[in-house]
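Me: I am new to this one. Please show it to me, and then I will ask how the labels were reached.

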Amino acid sequence: MNIIDLTDSYIKHILRNNDLSAYERSYPALFGHYFKYWARRKFFSKTLTKTEVKRGLDLIKPRLKIIEKNICSLGFDTSHLDILLFVGQNTSNGHAFKDRKRFIAWIPIETYETLLRVDVFITHEIVHALHYTQSPDFYFHTFSEKRSTSRQLITEGLATYLTMDIMNVNDGIALWADYLSKRELKIWLQKCQQKERELNKFVLKNFSLSNPKTTLFEVDDPNNIYEDRAGYFLGLSIINQIVKVKKLNAKELLSMPRKKIEEMVLEQLELNAI
């Protein structure tokens, strides 16, 4: 696994010179993607000090070897996989973007404060890069494609499911790491489970749509699971059910054509909505 570290550029261009344009030039493809889909350029500001950058790198880098070893144990080749570390605007744990013909996992280090978050969410983002590499039809090139209900349900469900397998954690940890307390997590899971049939119906109805008002995959209102990452819960549940029924392994999941897995997911949603 190849690590691309842009934190020196952050220190030089942002902390010393307050020059965002120069910082962007350190990797234009990344920042083009980041500011289009995940953050707003006009609000960019200093989020970490030099000391905090070092602390973040010291937390993350040693865990990358462990994550890579665990991924390789499932039979994946990570020798050509790139992971990009940079300082962003604290708006996302990361994702993956396309740079020419490669998909690169990008990690904004300011969002990682604990080892568990590193283990869970960096694994999650790396799985996105592996998935897009194996099944590029799941990648997005427009806002409409990004917000596709079917695409989000499958990609996020698959990444969460494989994170459980790779890091040997339970579903609650794979979904939230330690962002929630044990009590908060228990309550959240209970709410999702109680509404699971309704969630299946809702996603079935919106499966082929790309609705900017759908907030199933966002954290907006902790009192309403429809606006508090319930899409991740449902995606994980659906993928887990399909794996058990179809006897699929990790490689088969990541390489399955989009149309084929969408048909499986639709079938499972219909069964669950009854």
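Reply: Start with a rule: a salt bridge needs a side-chain nitrogen of Lys or Arg within 4 Å of a carboxyl oxygen of Asp or Glu. Keep in mind that this is a predicted model.

Me: What makes Asp58 and Lys54 a salt bridge?

Reply: Their closest N and O atoms are 2.8 Å apart. The cut-off is 4 Å, so the pair qualifies.

Me: Where do Asp58 and Lys54 sit relative to each other in helix H4?

Reply: Asp58 and Lys54 are four residues apart in helix H4 (residues 50–72), so about one helical turn separates them.

Me: Why is Lys54 called exposed, but Asp58 partly exposed?

Reply: Exposed means over 50% relative accessible area. Lys54 has 52%, so the label is exposed. Asp58 has 47%. That value falls between the 20% and 50% limits, so Asp58 is partly exposed.

Me: How do you know that Glu113 and Arg117 form a salt bridge?

Reply: The N to O distance between their side chains is 3.7 Å. The limit is 4 Å, so this pair counts too.

Me: Are Glu113 and Arg117 buried or exposed?

Reply: Glu113 is exposed, because 60% is over the 50% limit. Arg117 is buried, because 12% is under 20%.

Me: Which salt bridge links Arg117 with Asp178, and at what distance?

Reply: The side chains of Asp178 and Arg117 meet at 2.7 Å, N to O. Asp178 lies in the loop between helix H8 (171–176) and helix H9 (182–194), while Arg117 is in helix H5 (residues 115–134), so the pair ties together parts 61 residues apart in sequence. Asp178 is partly exposed, because its 27% lies between 20% and 50%.

Me: How many salt bridges does the rule give?

Reply: The count comes to twelve.

Me: Now His95. Why is His95 called buried?

Reply: Its relative accessibility is 3%. His95 is in strand E3 (residues 95–99).

Me: What makes the pairing of His95 and Tyr132 a polar contact?

Reply: Their side chains come to 2.7 Å. The cut-off for the N or O atoms is 3.5 Å, so the distance passes.

Me: Which other residues is His95 in contact with?

Reply: Beyond neighbours within four places in sequence, the contacts of His95 include Trp38, Trp106, His128, Phe140 and Glu156.

Key:
Residues numbered from 1 in each chain as written. Predicted model: local features only at pLDDT ≥ 70, side-chain atom pairs only at ≥ 80, totals over all residues. Heavy atoms only, no water. Helix = DSSP H or I, 4+ residues; strand = E, 2+ residues; numbered from the N terminus. Buried < 20%, exposed > 50% of the residue type's maximum accessible area, 1.4 Å probe, protein only. Polar contact = N/O pair within 3.5 Å; in protein donor to acceptor, adjacent residues only side chain to side chain. Contact = heavy atoms within 4.5 Å.
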